[in-house]
Amino acid sequence: MRLGLNVGYSGSKISLPMELIQEADKLGFHSVWTAEAYGSDAVTPAAWIAAQTKHIHVGTGIMQMPARTPASTAMTAMTLDQLSGGRFLLGLGPSGPQVVEGWHGVPYGKPLVRTREYVDIVRKIWARAEPLEHQGEHYQIPYRGPGATGLGKPLKSILHGRRIPIYIASTGPKSVEQAAEIADGWLPIFFSPKRLALYRAGLEAGFQKAGGGKSLKNFDVAPSVTVVLGDDAKACLDFVKPVLALYVGGMGARGKNFYNDLARRYGYEDAAKQIQDLYLDGKKKEAIAAVPDEFADEISLCGPKERIRDRLAEWKESGITTMILALQQPEAMRAVAEAVL
């Protein structure tokens, strides 16, 4: 099992833990991942990090597909990949309707259809086998619809890129299946080593569609895992619960919240409903308090160094290949590194 580092997205002011990132680089971590929501973007921090590291791969976890055309993403990925000496990893995701329509101002559409078209176009651009043409439901290249000049023509990238690894963030059964089929890796959120069975059928179905001997042996399962080091495991879980409450309760509407659906699939149906009701009613503290200890614990690594080390065995045996650590404590990163690397 390899290790990665998740630096996330900004709050009201952006800063990057460069000392932590550079230490991860020296320790032999596989990758460091940036993110975006509706504030800081994922690309600029990735470039900043790549310029100040030597060996570690730099990935976007994730670039929101509706925020950029596939061609823009393909150009960005090629540029960062070559400037970093071949260290870039392209993480993509559909985001959610509240952000896509409320922030980017474009239709949410059909995320599975968009994802398949997006990945296909990006890879066509990198391959440079022929000038780019694509006629799909979400993307028409060259564009010939309303407002077109009629002057658009198929083009081939000036820059010669490589087939950069593509990771897809997904939570639902169908989207996990699609990630297994068309991507090189999967970025699950709130992954539990106890729950791989919930995803196995979708993963296997996707591998079968892909063919060519694709399987968990050559597919990177790379969840982000919060790590909090401290003497009191229960107190450490209090740092995990606010994020769970935000996503399960507030990232979406009733009936359209992927993270709430995930909590329900994990068996926390009553808690998921209670968290969402409280959060959407503006009772955030109560929503955080409603997050079960068991839920927070199974998707994180919390407590004393010995407890984290012992629980790592379960993660190693779960089938994941890269554990992306979300943490702020250098001593927590070192503790995991000592146990894994």
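Buried means under 20% relative accessible area, exposed means over 50%, and partly exposed lies in between (1.4 Å probe, protein chains only). This is a predicted model: local features need pLDDT of at least 70, side-chain atom pairs count only at pLDDT 80 or more, and totals for chains, interfaces and linings use all residues. Residues are numbered from 1 along each chain as its sequence is written, and side-chain values use heavy atoms, without hydrogens and water.

Q: Is T34 buried or exposed?
A: T34 is found in strand β2 (residues 31-34); strands (E, at least two residues) and helices (H or I, at least four) are DSSP runs, numbered from the N terminus. Its relative accessibility is 0%. T34 therefore counts as buried.

Q: Which residue's backbone oxygen does the side chain of T34 reach?
A: T34 touches V7, G8 and P45, among others; contact means heavy atoms within 4.5 Å. At 2.7 Å, its side chain reaches the backbone oxygen of A42.

Q: Why are the buried residues of α14 on the same side?
A: In α14, I308, R311, L312 and W315 are buried. The arc is that of the directions from the helix axis to the C-beta atoms. They lie on the same side of α14 because they cover an arc of only 125°.

Key: A polar contact is a pair of N or O atoms within 3.5 Å; within protein, one must be able to donate a hydrogen and the other to accept it, and residues adjacent in sequence count only if both atoms are side-chain atoms. Lists of a residue's contacts leave out its neighbours within four places in sequence.
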